[in-house]
Amino acid sequence: MEKTITVEKKAPEKHSMDNLLRMDRMPHIWCPGCGIGLVVTAFATALDKVKISLDKTCVVSGIGCTGRVAGYVKTDSFHTTHGRPIAFATGVKLGNPDLKVAVISGDGDLIAIGGNHFIHAARRNVDMLVICVTNFIYAMTGGQVAPTTPLGAYATTSPFGCVEPPFNIPYLAESSGAVYVARWTVLHLRQLTNAIVEALNKKGFSLIEAISPCAMYYSRINKLGDGLDMMKFYHDNTEIRHNEDTKNLDIGFQTKIICGKFVDRERPTYTDSYNKWLDERE
Ligand SMILES: Cc1ncc(C[n+]2csc(CCOP(=O)(O)OP(=O)(O)O)c2C)c(N)n1
């Protein structure tokens, strides 16, 4: 007699972040050992903790590996042009001030081509959270030198080592007017998540720098091993110094990385100042 085998069809397992991430877009594009996924985890966990309605949240990214984040979060989101996420985010915030606006993008996108938008949004204190994923290189386009590449580090466009001094991003943010400034590596997932929670609860321009391995380009050309080796490096070479003067936060090639919360202050936001000005004219 012929045997009939019945296979029970199992419903696909629900992921714990199903309500926060667009699972239909998985698998994501990031390379093994890349840290951007950890930033997304920290951001999604923070969103869950602050209990802001996803309908009231908007994520904006530029172009680059990090720029892909906007496609994976289950909020309204914009994957904008290279260097312009802060300009788009400013428009979103002014168009609908009730929205919580977060920009998640790369160091090249935000600080090189988008550097002007960064300093002016901080100066105006536009109410938004900017998470800058610093991997020290232009990753998506093949490892060109970035405005964060440490002195002496190799990149495809600096085959003899980078001769340009890199930006100290927390110092740039503070001097431009940011009200909240912190830096964590992706190894510090809990602290990074807590910083995002704090910044989401804050009014004004907040900057969180997330130091993240690029195991494909930065590590390979500089012979730093794989993603795990970079995480071990963070483990052994980071120092937490809350309230450190941001002038002291330069990052050299494979030197100590100082993490912590450096700035937490109040200033009127752009919309506050604008509304006040309008009220006074009426
Ligand atoms: C106007 C414009 N110039 C250049 C590019 C090419 N480009 C795409 S991504 C990128 C660099 C991305 O680097 P970064 O922002 O550091 O992000 P990562 O890929 O490292 O996450 C560049 C130069 C582009 N898409 N548009």
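Two strands pair if DSSP finds at least two bridges between them. Helices (H or I, at least four residues) and strands (E, at least two) are DSSP runs, numbered from the N terminus. The model shown is predicted: local features need pLDDT of at least 70, side-chain atom pairs count only at pLDDT 80 or more, and totals for chains, interfaces and linings use all residues. Residues are numbered from 1 along each chain as its sequence is written.

**View A. Strand β6 and its partners.** Val133 has Ala210 as its bridge partner in β6. β4 and β6 run parallel, joined by seven bridges. Strand β5 (residues 180-185) also runs parallel to β6, with six bridges. Here Tyr180 stands opposite Ser206. β5, helix α6 (residues 189-200) and β6 form a right-handed β-α-β unit; right-handed means that, with the strands pointing away from the viewer, the path from the first strand over the helix to the second runs clockwise.

View B. Seven of the seven residues of β6 (205-211) are buried, that is, 20 or more other C-beta atoms lie within 10 Å of their own, with C-beta atoms placed from the backbone. Phe205, Leu207, Glu209 and Ile211 point one way. Ser206, Ile208 and Ala210 point the other way.

**View C. The largest nonpolar core.** This core has 83 residues. Such a core is a set of buried Ala, Val, Leu, Ile, Met, Phe, Trp, Tyr and Cys residues joined through C-beta atoms within 7 Å. Val39, Phe43, Met128, Ile131 and Ala210 have the most contacts inside it. Helix α1 (residues 36-50) gives the largest share, nine residues. Leaving out residues up to four places away in sequence, Val39 touches Ile104, Ile131, Val133, Val186, Ala210 and Ser212. Contact means C-beta atoms, placed from the backbone, within 7 Å.

**View D. Helix α2.** Pro85, Ile86, Phe88, Ala89, Thr90 and Lys93 are buried in α2 (residues 85-95). The buried residues of α2 pack against β1, β2, β3, α3, α4 and β4.

**View E. The loop at Asp226.** Asp226 lies between α7 (218-221) and α8 (227-237). Asp226 is partly exposed because 15 other C-beta atoms lie within 10 Å, between the limits of 12 or fewer for exposed and 20 or more for buried. The C-alpha atoms of Asp226 and Gly33 are separated by 6.5 Å, although the two residues are 193 residues apart along the chain. Beyond neighbours within four places in sequence, Asp226 contacts Gly33, Ala215 and Ser219.

Conventions
Contact = placed C-beta atoms within 7 Å.
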